[in-house]
Structure formats: structure tokens, C-alpha cells
Amino acid sequence: MSALTILVVDDEPSILSQTKTILEPNYNVDTATSGNEALGRIRNGLSPHLIILDMLMPGMDGLQTLESCRRIRPDQKVLMISSLNDPSKVVQAIKMGAADYILKPFGEDQIHDAVRRTLCPAPAPPPQHLPETSHSAKEIVHEVDDDHAFVAASPAMRQIRGQVSLIAKVDVPVLLLGESGVGKEVVARLIHRMSPRSQRPLLKVNCAALPVDLLESELFGYEQGAFTGAVKSKPGKFEMCSKGTILLDEIGEMTAPLQAKLLHVLQDGRFSRLGGRTNVSVDVRVLAATNIDIEKAISERTFREDLYYRLNAFTIRIPPLRERREEIAPLLSHFMKTMSARIGKPALPISQKMLQECLRYPWPGNLRELGNFLKRYLVLEDENLVLEELRIQDTEDVQIMEDGVSSYSGSGLKARLKNLKNDAESREIRRALENANWNRKVAAQKLNISYKALLYKMKQHRVLST
């Protein structure tokens with residue numbers, strides 16, 4: 001197989017010579033000394049597998065060259081290089097489609113690693129295949145910490161993984177958007193782990209879980225005597241994670257006064273504690289997450305437009321699980337491994353039947369619902385029972401959608417359907433027990449569920465022995 005072709009574009013002869021010397025043993029390397037020259041070569045038929053493009057060049061700079069290049073070849077892979085670490089320029093390059101960037105001066109290993117990352121992204125696993133049986137699938141589960149892993153089996157999540165690897169190194173706010181349970185916190189933790197702040201703390205604050213006054217003191221702290229019960233001063237989360245990262249989850253629920261205070265922190269890096277008379281200076285990277293329609297919230301004036309633009313240095317939209325079903329198989333495997341270890345039980349097999357049912361189900365609760373499903377399977381140890389519950393839930397959601405009521409709304413209709421299901425289940429269990437003279441092992445056999453599952457259901461529905 002012929003070697004891959006790389007076009008290096010830089011106005012500095014020394015950089016062209018150095019890069020060509022490093023890469024030539026493994027690649028065909030061509031060079032250009034300006035953006036105009038590079039574009040002319042591409043228009044005349046040059047089709048490089050990768051362009052290594054300098055950000056700062058006289059005349060047509062790197063960003064202008066990148067923009068023109070992607071108009072000619074939309075799928076062209078481009079690796080940006082620069083002697084200046086300008087966050088705004090780097091963010092702009094990422095938004096325009098740059099696959100990676102590195103700073104000058106770079107070493108041999110650094111340029112080799114960047115080229116390999118760009119040319120050889122982690123492959124997707126075979127469809128509908130469990131990760132432990134696929135060597136390539138091991139490369140798509142990225143451990144973030146003891147409790148979180150980022151799974152990149154679908155094109156959308158591999159793209160997000162690439163965006164994270166780039167934006168993590170640029171010290172700007174990031175806004176994470178997506179439905180509840182899609183994994184916004186996992187993405188935030190991955191950004192922090194891959195950032196220069198990774199050795200400092202990452203603190204999460206759920207803006208929807210705390211009352212307004214408590215949220216302000218949680219974020220910014222308070223001085224002694226600021227309110228009844230404030231017997232001594234206390235620092236807030238911003239001070240506690242100085243030089244680190246703060247994740248503001250459900251930021252769409254933050255009140256207008258707190259939004260204004262947060263805006264000043266983002267602008268000036270300063271704030272005052274509750275009851276304080278002096279300003280506190282902090283160096284904190286802000287990551288924000290929300291599942292609301294942020295544009296609608298701005299138009300309805302429930303979210304400040306100026307705060308949105310401050311947070312929106314870079315936005316990552318995480319698709320729901322139903323739009324990235326390639327993730328389901330590796331997620332099932334990952335959840336089984338971590339949850340079984342956490343509760344001290346041996347991992348249970350994930351059959352092809354279970355996998356097919358999980359691939360069919362729409363998962364309105366996304367990763368959170370999938371995790372809860374696996375947890376129930378581990379507790380009940382009854383595949384048929386948990387799959388039947390999944391089918392019943394799917395039927396309820398379809399009925400609710402047909403009746404024009406959102407399955408995410410927690411509506412009265414959904415609650416009534418759930419009560420009907422529970423009542424029917426309770427009656428069937430009681431009937432089976434009565435027919436078996438309350439012999440629970442016999443009743444479990446008649447119901448075609450495990451003995452342990454029957455005990456769980458009896459406790460759930462408060463079916464007591466007579």
C-alpha cells in the first residue's frame with residue numbers, strides 16, 4: 001500500500017524542513033509556503049490525506065486558508081499549528097472543522113501523535129456486537145474516572161470526542177446541551193481530565209437542586225453574620241476550585257440575579273461573598289450544562305443573552321441515545337462491569353435477545369434509564385422479567401405519545417397508566433399465589449419468573465402472605 005500524503009503549509013522554511021524530516025520516513029510529504037500556493041495545488045488535483053497548516057502566515061492566514069480549503073474539499077482533514085496560544089483563534093479553527101492543533105515548537109513525538117490521531121481515529125465496533133468480544137471496541141470506551149466512562153461508538157460521539165480533545169486544551173467556557181441523562185456530566189469530566197487543569201479540582205453544582213439563597217452561598221460563599229446561622233465565614237465552590245473547573249449543571253434554572261453575578265465572574269474573575277465588602281479574585285474554568293431550549297429561554301427572557309454569549313465560547317450538543325444506538329452494546333457491557341463490582345455481585349450475561357430488545361427500545365431517559373435497567377437486572381437476576389417491564393414501559397410511552405402527551409412530562413396520564421400496570425401485576429401475583437396455596441416457589445414457576453423476582457415484586461406491591 002502506498003504511503004499517505006501530507007501537505008505541510010508554513011511560511012517558515014525551518015518549520016517546513018523540520019516537519020518534512022520527521023514525517024518522511026512514514027508518509028509522502030509535500031510542502032507549500034503560503035495559503036494561496038496550497039489552495040492552488042489542491043485546485044490542480046493534489047489530494048492530501050492531511051494538511052498541516054500554520055495559523056499565522058502573511059497574506060492569507062491559516063484560518064482563511066482553512067475556510068477556503070474546506071469549501072473546495074469539505075472532508076479534508078486539517079491539523080493546525082501555531083506559535084501563539086490564542087484561545088479565540090483556536091476555538092474558531094475548531095468550529096471551522098480543524099481536526100487538531102499543536103503549538104510550536106513541537107517535538108518529534110508530539111507531531112507524530114497528532115498526525116496519528118487525525119488520520120487514524122478509533123474505529124467503531126461491529127454493529128450489534130458486545131464490546132468484550134471485539135478488540136476494536138476496547139478503544140471506544142474511554143475511562144474518565146472511577147464512576148464515569150465516555151463511550152464513542154457512533155460517528156456523532158466520535159466527533160464529540162475529537163472536539164473535547166481540542167477544546168479541553170483551550171481555557172474557555174463550554175456550554176453542554178442535550179436531553180436529561182444523555183451524559184453531559186461525563187463530557188464535562190472528560191474535558192476537565194484532558195485539560196491543563198486536570199490536577200486541580202472539578203466541582204459540580206446542580207443549579208436546580210438548591211433554593212436561590214442557598215445556591216448563591218454555595219457558589220460564592222458567605223461572611224460571618226451574612227444571615228441567621230452564619231456563625232463563621234465559608235468559601236463557596238468558586239473559591240474551592242480555584243485553578244480548577246466548575247460544572248454548573250442545569251444552569252437554565254438559575255435566577256436572573258444569580259445570572260447577573262455569574263456574568264461578572266466570567267467577565268472579571270471577581271465576585272463578593274454574601275455579606276462581603278471586598279471582592280474575591282478566582283481563576284476558574286466554567287463548564288455549563290442544560291437540557292432546556294436555550295434559544296427559546298433567551299427569547300422568553302428567562303435566560304440572559306449576554307450570559308449565553310459568555311458561556312457559548314464553544315457549544316457541544318450531545319444527541320439522545322435513540323440517535324446513537326451504536327453506543328447501547330458497549331454501554332450495556334460497561335454498566336454491567338461497573339455496577340456488578342459496585343454492589344459486589346458477579347456480572348450477568350447479556351444475551352443477544354436482551355441486546356436486540358435494548359436496541360429496539362427508544363430510551364427516553366437516555367443513559368440514566370439504561371443504567372437503571374442494568375441495575376434492576378443485576379438485582380432481580382431475571383432477564384425475562386426486566387425485558388417484559390421494558391416492553392410494558394415502551395407500550396405506555398407509545399400510548400402517551402399517541403394521545404399527544406409527551407412521554408417526558410411526567411403527566412397525569414402516564415401516572416395513571418403506570419398505576420394500571422402495577423394493579424394488574426399485583427392481581428396476577430396474588431392470583432398465582434392463591435392458586436399455589438401461597439407456595440411462592442410454585443407461584444414463581446407459574447408466573448415464569450425467578451423466585452427472587454417474585455419476592456421483589458411481592459415487596460414492591462405489598463402482597464403479603466396470608
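In this predicted model, ring pairs link F220, F238 and F271 into a cluster. The structure holds seven aromatic pairs. W363 lies in the loop between α14 (352-360) and α15 (366-380), while F373 belongs to helix α15, so the pair ties together parts that are 10 residues apart in sequence. Both W363 and F373 are buried.

**Overall composition**

The protein chain has 19 helices and 14 strands. Of its 466 residues, 48% are buried. Among contacts between residues at least 6 apart in sequence, 68% join residues at least 24 apart.

**The five-stranded sheet**

Five strands form an open sheet in the order β2-β1-β3-β4-β5, with parallel pairing. At its edges stand β2 (28-32) and β5 (100-103); each has a single partner strand, so one side of each is left without a neighbour in the sheet. On average, neighbouring strands of this sheet are turned by 20° against each other, direction ignored.

Strand β4 (residues 78-82) is joined to β5 by four bridges, and the two run parallel. Within this pairing, M80 has Y101 of β5 as its bridge partner.

Two helices can be described together with the sheet. Helix α1 (residues 13-23) lies across β1 (5-9), β2, β3 (50-54) and β4. Helix α3 (residues 62-72) packs on the sheet and touches β3 and β4. Their directions relative to individual strands are listed below.

| Helix | Residues | Reference strand | Angle |
|---|---|---|---|
| α1 | 13-23 | β2 | about 170° |
| α3 | 62-72 | β3 | about 155° |

**The nonpolar cores**

The largest nonpolar core has 48 residues, and those with the most contacts inside it are M80, F150, I191 and I316. A second, separate core of 40 residues includes M339, L378, I449 and V463.

The surroundings of M80 can be given in detail. Leaving aside its neighbours within four places in sequence, M80 is in contact with L53, D54 and M55, with G62, L63 and L66, with A93 and A98, and with D100, Y101 and I102.

I316, one of the core residues with the most contacts, lies in strand β14 (residues 314-317). In a regular strand the side chains alternate between the two faces of the sheet. Strand β14 has a covered face, made up of F314 and I316, and an uncovered one, made up of T315 and R317. Four bridges join strand β8 (residues 174-177) to β14, and these strands run parallel. L175 stands opposite T315 in β14.

**Cysteines**

What is the count of disulfides in the model? The count comes to zero. Two cysteines may be described individually. C69 is buried, with a relative accessible area of 3%. C207 is also buried, and its relative accessible area is 4%.

Technical notes: Residues are numbered from 1 along each chain as its sequence is written. This is a predicted model: local features need pLDDT of at least 70, side-chain atom pairs count only at pLDDT 80 or more; totals for chains, interfaces and linings use all residues. Side-chain values use heavy atoms; hydrogens and water are left out. A nonpolar core is a set of buried Ala, Val, Leu, Ile, Met, Phe, Trp, Tyr and Cys residues joined through side-chain atoms within 4.5 Å. Buried means under 20% relative accessible area, exposed over 50%, partly exposed in between (1.4 Å probe, protein chains only). Contact means heavy atoms within 4.5 Å. Two strands pair if DSSP finds at least two bridges between them. Axes are lines fitted to C-alpha atoms, for helices over the stretch in contact, and angles run from 0 to 180 degrees between N-to-C directions. A disulfide is a pair of cysteine sulfur atoms within 2.5 Å. Rings of Phe, Tyr and Trp (its six-membered ring) pair if their centres lie within 6.5 Å; planes under 30 degrees apart count as stacked, over 60 as edge-to-face and the rest as tilted.
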